[in-house]
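Here is a short briefing on aromatic rings and helix packing. Take a moment to look at the sequence and the model before reading on.

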Amino acid sequence: MAPSEEDGSMEEKETKKKPLSPFATAWLTFYNITMTAGWLVLAVAMIRFSYQKRTHKGLYRSIQKTLKFFQTFALLEIIHCAVVRTSVLVTGVQVMSRIFMVWFVIHSIRPIQNEESVVLFLVTWTVTEITRYSFYTFNLLNHLPYFIKWARYNFFIILYPIGVVGELLTIYGALPFVKKSGMYSLRLPNKFNVSFDYYTCLIIVMIAYIPLFPQLYFHMLRQRRKVLHGEVIKEKED
């Protein structure tokens with residue numbers, strides 16, 4: 001589930017009480033500039049493909065290497081929770097949900113790669129991540145343009161639900177192929193004496209969106225009120 005998305009997932013909270021070291025600031029600045037550039041490359045590639053091909057079919061295959069690299073690179077954000085005051089739980093859920101979608105759904109189940117739902121969440125991910133990483137970059141440089149700040153805390157209102165719909169439709173579309181192929185499933189009897197059904201796993205993942213989506217979405221709405229309107233909101237520390 002990715003608002004970032006996509007996102008209140010990796011929201012950096014106030015760090016005035018514990019300033020970042022010069023090394024941490026330099027690394028985080030480098031990381032966010034790199035990720036901003038990476039998602040910009042993805043955006044340009046998607047626009048170019050759509051303009052030249054006039055179809056969404058084949059779009060994923062044309063950008064898959066870049067997408068996999070930068071989305072997997074985002075695993076570092078879980079480690080970053082040790083440096084910035086951020087929810088490990090929220091960050092972990094959002095990063096791992098993206099990794100799951102990229103590697104265990106789109107990459108693994110090729111028949112769904114040309115589905116419109118894939119394009120739907122790829123576009124929302126791209127816009128969200130460009131906004132989010134540029135926000136972090138300018139914030140670390142202490143020169144945050146208001147438009148970037150406004151975009152960071154307003155775009156998600158529309159993009160997050162659209163991205164979630166795209167992800168759910170993609171997983172749903174993958175179910176028949178998974179059921180037919182039995183991929184990633186382990187049947188009894190076997191030497192480990194355990195069984196695993198990937199088809200059932202995907203259904204459980206879809207159901208998990210029901211409690212998780214509202215929590216993450218309202219978390220971002222609270223952050224929006226706090227940042228844009230100066231409301232003081234007490235949040236539980238993880």
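F147 counts as exposed because its relative accessibility is 53%, where exposed means over 50%, buried under 20% and partly exposed in between (1.4 Å probe, protein chains only). W150 counts as partly exposed because its value is 35%. This is a predicted model, in which local features need pLDDT of at least 70 and side-chain atom pairs count only at 80 or more, while totals for chains, interfaces and linings use all residues. Residues are numbered from 1 along each chain as its sequence is written, and side-chain values use heavy atoms, leaving out hydrogens and water.

**Aromatic pairs**
- Rings of Phe, Tyr and Trp (its six-membered ring) pair if their centres lie within 6.5 Å; planes under 30 degrees apart are stacked, over 60 edge-to-face and the rest tilted.
- By this rule there are 19 aromatic pairs.
- Y31 and Y133 pair edge-to-face, at 6.1 Å centre to centre and 75° between the planes.
- Both Y31 and Y133 are buried.
- F147 and W150 are stacked, with 6.4 Å between centres and 20° between planes.
- W27, F30, Y31, F69, F70, F73 and Y133 make up one aromatic cluster.

**Helix packing**
- The axes (lines fitted to C-alpha atoms over the stretch in contact, with angles from 0 to 180 degrees between N-to-C directions) of α2 (residues 59-73) and α5 (residues 116-140) come within 13 Å and cross at roughly 45°.
- Helices here are DSSP runs (H or I, at least four residues), numbered from the N terminus.
- In contact (heavy atoms within 4.5 Å), L59, Y60, I63, L67 and Q71 of α2 meet V119, L122 and W125 of α5.

Notes:
Helices (H or I, at least four residues) and strands (E, at least two) are DSSP runs, numbered from the N terminus.
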